[in-house]
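I opened this model today to look up its charged pairs and its surface. My notes follow the order in which I checked things.

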Amino acid sequence: FYASLYEEGFKMSFRNLTKTPHLAGLPEDLDSANVIEARWKQDGLLVYKPRYNVLLSYPDDNIVNRYD
């Protein structure tokens with residue numbers, strides 16, 4: 001497992017995960033979690049993803065939030 005942390009592929013994986021925005025609770029965020037889960041399982045780690053039901057507020061382009 002530790003050897004995989006120093007591979008050149010680690011840099012590429014990190015780039016791929018951060019290439020697109022992934023706000024919490026949106027499908028892109030789940031996609032990122034699934035990629036990480038698959039990699040960790042490949043490295044022999046036991047992975048558990050608990051489900052949470054939370055209320056999240058997202059930015060609304062129609063409402064201007066500003067602080068003067």
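**Entry 1: the model.** I am working from a predicted model. I keep that in mind for each entry below.

**Entry 2: helix H2.** H2 runs over residues 27-42. I count 16 residues in H2, and the span from its first C-alpha to its last is 23 Å. That is close to the 22 Å expected at 1.5 Å a residue. I then checked what comes just after H2. There, Gly44 takes a positive phi of about 90°.

**Entry 3: salt bridges.** How many salt bridges does a search of the whole structure find? I get three. Side chains of opposite charge can pair when their charged atoms come close. I took the pairs one by one.

**Entry 4: Lys41 and Glu37.** Lys41 forms a salt bridge with Glu37, and their closest N and O atoms are 3.2 Å apart. I find both residues in helix H2. They sit four residues apart, which is about one turn of the helix. Is Glu37 buried or exposed? Glu37 counts as buried because its relative accessible area is 17%, under the 20% cut-off. Lys41 has 47%, so I note Lys41 as partly exposed.

**Entry 5: Glu37 and Lys49.** Glu37 also forms a salt bridge with Lys49, with the closest N and O atoms 3.0 Å apart. Glu37 lies in H2 and Lys49 in the segment after H2, so this pair ties together parts that are twelve residues apart in sequence. Lys49 is partly exposed, at 36% relative accessibility.

**Entry 6: Asp43 and Arg39.** I looked up the salt bridge between Asp43 and Arg39. Their side chains meet at 3.2 Å, N to O. Arg39 has 23% relative accessibility, so I list Arg39 as partly exposed.

**Entry 7: the nonpolar patch.** Which residues form a nonpolar patch on the surface? I find Leu23, Tyr52, Val54, Leu56 and Tyr58. Together they have about 540 Å² of accessible area. Val54 is in the segment after H2. Val54 is exposed because its relative accessible area is 60%, over the 50% cut-off.

Definitions and conventions
Residues numbered from 1 in each chain as written. Predicted model: local features only at pLDDT ≥ 70, side-chain atom pairs only at ≥ 80, totals over all residues. Heavy atoms only, no water. Salt bridge = Lys/Arg side-chain N within 4 Å of Asp/Glu carboxyl O. Helix = DSSP H or I, 4+ residues; strand = E, 2+ residues; numbered from the N terminus. Buried < 20%, exposed > 50% of the residue type's maximum accessible area, 1.4 Å probe, protein only. Patch = residues over 30% accessible without salt bridge, like charges linked within 9 Å, V, L, I, M, F, W, Y side chains within 5 Å. Areas by Shrake-Rupley, 256 points an atom, 1.4 Å probe, with all protein chains shown as cover. Expected span 1.5 Å × (residues − 1).
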